Structures are given as C-alpha cells and as structure tokens.
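Biologist: Please take a close look at the aromatic ring pairs in this model. Give me the geometry and the criteria behind it.

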Amino acid sequence: MEEDSDASESDADSSPLSDTPPRAFARSPRRAPTFSRLLVIALTLLGPCARGDALDDVRARGRLRFGSDMEGGGPYAFPDPRTPRDVTGFEVEMMHLLARDLGATAEFSQGQWDKLLPVLDSNRIDVVVNGYEWTDVRLRDHLATRPYYIYQLQLMGRKGGEIRAWADLKRPRPDGRRWTVGVLVGSAADVFADEQAGDSIQVVRFDGATDAMLAVQNGQYDFTLQDQPAALFYRDRFPGLELVGPPESHGYYVIYTRKEDARLRDALDESLGRLIASGELRRIDEKYGIWTEAQTELASFDGPIAAVSGLRIAGGWELLSRYRARLLDAAVVTLGLSFGSMPLAMALGLAIALGRLYGPKSLRALLGGYVELIRGTPLMLQLFVLFYLLRLPPWVAGIGGLAINYSAYEAEIYRAGLQAVPPGQMEAALALGMSRRMALRRVIVPQAVRIVIPPVTNDFIALFKDTSVCSVITLVELTKQYSILANSTGGAIEFALATAFLYMMMSVPLSWFSRWSEARLASGGPKGGAS
C-alpha cells in the first residue's frame, strides 16, 4: 500500500517503528489532491468543522473506531458464529487489545474494502485495518504503523491436479489455452498475478476471496491466488481444494491513519510492539490458525519497508496515457454487455406484455408472477444464481442476467404502451378481416412502440451503468476498471474524469437516436405521412 509520507521530522523521530532516519518509509513527491481528499473537503463542509488531535479524541470519547469489511470474511473480520450480531476475527481481537492499551474500547465500523481509506479521510473512523497491505501508493496520503502480520500468497487448486507450484503455471496448458487464476480485486495477489501472468496465465478478478475459491471448486476456473491467512482459514471449508506449492511473495499488513494523526500512529506502534513482545499477537494468530514462521520477523522488525514499485508515480495525462488501453478494453466490455442484453430484454419484455394482456388466464398469472419475482429481487442475486449455481460462463451469465432483469421492467413499459392504444384500433382491424395476431403485429404493436421509445431509451442508458454489477461475476467493465486503477495508482480524479467521459460518449448518442426516432415516427416514416 502506498503512503505519501509528508510527515514532519518530529513524526519520523518519534516513530517507534525503527531507529532509522525518516527514510524508513519511502517518500514520494507531493501531488495534486486525490479524490479522497476532495471527498474529505465536501464531508467537512457538511459535518463538524473542527477536529482535535486524533489520539486525544479517542481517549476523550473512550472509543477507537476502526474501519473494516465483513464481506471479506475470515480470518480478518466476520460475524461471530456464537453471537451473530457481533464481529470477530484476528484483527478484531487485535484492535480490542490495542484500544484497551490506549484507554478506550474498539468500535467496528463496516465499509466497502476498497473505499475504507476515503472513509478514513472523512473523519468517520480513526484507523483502517482489514488486511491492508503496505504499498508505496497508499503512503502518499496516509501514515502506516509497523506491520502486525507478514503475509505471503498461496496458490489453491482442485485436489489431484498436476500443477504443484506457481512456477508450473509458466508452462502452457496442454490444450493451448491459458491457465485461469482468480484473485481478490485490488489485493497484493492481484498485483503479483498480473505482473507474473505472461502469455500463459489469465487473471480473473473477484470481489470476494471466498467467491474465487467457490468458482475454482466448481471447476469454472483453474486456480485462485490468495493471501495466506485467507487460504489457511478457509481450506477446510472448501473440501475440493488444496494448497498448491509453497507460498509466494512477501509483504506486510499495517494499520493506516490519516497523515496528520502521527501521534495516534505512534501510540499504535508502541502498543503493537508490546503485543508482539508479550506473545499476545502470536496467541491470536494461532487461535485462527494463521500463525507461520514468517511472523518471527515481527519481533525484530526495524524497517525500512522496500517500495513495492520502483516506477515514478505518474499523474494527469501521463497516467491516463499509460492505462488508456485498460479503460478502453473495459468500455468495450460495457458496450458488449449493454448491446447484448438490451435487445433481448426488449424482445422478452414485449412478449411478456402481450402475454399478460392477450394470453389465457393461466399464462397471465404466470407472467405476472415472473415480473414481480424479477422486480422484487436484486440484480446481483440473480447474477449469483446464474454464475455460481447454474455455473454459466461469465459472459452468458452477465448478458442473460441483465436481459432477464430488465425484461420485467420493459414488460411493464410495453404493457402501458399497449394499453394506451385506443381499443377501437383492435376492433377496426378485426372488422377489416385481420386476425388478432395480424392486428397486433400490424396495428397495435407499432403504435405502442412509438409511445414507449422515451422510457425504453432511458432504461437503455441506465443499463450502461448497471453493467457495473457484473463485476461480481468477474467481468471487468468500465466502473470496476476505474476502481482498480484508482486504488492501485492513486489517480482517482484522472480516472474518474476519463470514466465519466467514456460513459457520456456511450450514452449521449442513445439520446440523439431516441429524439431522431421519435421525430421519424411522428412524421410517418421515411415516405412521409401526416404533415
């Protein structure tokens, strides 16, 4: 994780992390404020205007608020099986001990994993602790404590496989395809796998560690690369998986504070040192089955931590130029999902609307139940069913899930459009000798389509944004790619502007097409008509 360390000399001198000079944490040039900083300004204007020293505030209120995400699961923070309303985990227990050392109690605050640092900057919490790795990017804007866990990366695969180590994945598959490796998006495993992928490995990104393990156990992907604590904690819960080969890489979990909260960081450093020296931290690790010999380094740790990347941190146009191919590829995924699913949703919605209005009573009841079921359940749950339970390929599940979800809404739009056509139109068509089917096709439906163009176009534009939900089934569309790049490079503003621009370029033409279609139909078509 990266931290831009603009701390004062007194901060560095007082840090118990080491006796080394301030270079113990890599310093990066000061950059333009990140998106999280702008968020802080906005939230500050809306909330309390003044904030005292964080350490004094914690002691005064008697609570140390730490941000974490239960969605990531064990062994970090997860619902306590014995008392489900409570939270447990090795980091939760550690924070209770650290808070006690500060004269306070620990208070868990739920947040989305990749948004915890912006929440920290908004002053809603005091620290972030959730398997957050030390990286040089995060150090630009935050302070990090000394490490409390030394992690490695563990490959997991189905039992009985021929691959016995990460290095074996460098060999091509016998069938010529690439090995598929699932990772937690934005994690150290994501960075490591992406750098090591080459031509033989395809990295597949998940929003949750256990989601990746389940997909591998289901046979949808070949392997998953996980932080060792998660692999050790969950290996017994996925009986179809085994640990493959020795651990890879090496890194540190740290607690993050705001850059101006050096006193709080230093107090946490001192408390961590005492927990390590007393053996309390080892006891917690052993309780959750994640103690490894690598943890012995913590007792003698004196820094410095080497920077994850030796590259100069870019910004602005240079940053966008470096990653523009990723953004464009993600935009193509968004377009593919949208144009693949919306025509299906429109066709299915029209068929449902016709069935509800003109079908037999039993069919109307069945289609009515379908509409209520789809509208009453979230899109994410529907995607989970298609991908994890039915085990459909990601693109099939994504396009199918969006089409099914939007078909229920399109059905109601078309039903309203069909009902808006005067009943006399059908009676006149039948009187002219048309069958009911022909009357629908030649008279009723064309008029209804003209009526529903504006709301259907609005739904199509909304669908562009809803494709972001497909990231839960490993499809990296534009919004997910923005999140990945913003968190890994710190260029939140640059990528936010580029992402917004790309969405505009995709949705504005639809608005133009909608207005053109309305005008064309209103004039009676290309051959003219009502003037």
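Modeller: The structure holds 25 aromatic pairs. A pair means rings of Phe, Tyr or Trp (its six-membered ring) with centres within 6.5 Å; planes under 30 degrees apart are stacked, over 60 edge-to-face, and the rest tilted. This is a predicted model: local features need pLDDT of at least 70, side-chain atom pairs count only at pLDDT 80 or more, and totals for chains, interfaces and linings use all residues. Residues are numbered from 1 along each chain as its sequence is written, and side-chain values use heavy atoms, with hydrogens and water left out.

Take Trp113 and Tyr132. Their ring centres are 4.8 Å apart and their planes stand at 50°, so this pair is tilted. Trp113 sits in the loop between β4 (105–110) and α5 (116–121). Tyr132 sits in the loop between β5 (127–128) and β6 (142–144), so the pair ties together parts 19 residues apart in sequence. Helices here are DSSP runs of H or I with at least four residues, strands are runs of E with at least two, and numbering starts at the N terminus. Trp113 has 15% relative accessibility and counts as buried. Tyr132 is buried too, at 2%. Buried means under 20% relative accessible area, exposed over 50%, and partly exposed in between (1.4 Å probe, protein chains only).

Next, Tyr151 and Tyr253. This aromatic pair is stacked, with 5.0 Å from centre to centre and 20° between the planes. Tyr151 belongs to strand β7 (residues 149–158) and Tyr253 to strand β11 (residues 241–253). The pair thus links distant parts of the chain, 102 residues apart. Both tyrosines, Tyr151 and Tyr253, are buried. They also belong to a cluster: ring pairs link Tyr76, Phe90, Tyr148, Tyr149, Tyr151 and Tyr253.

Now the setting. The chain has 18 helices and 12 strands. Of its 531 residues, 51% count as buried. Among contacts in the chain with a separation of 6 or more, 77% come from residues 24 or more positions apart. Contact here means heavy atoms within 4.5 Å.
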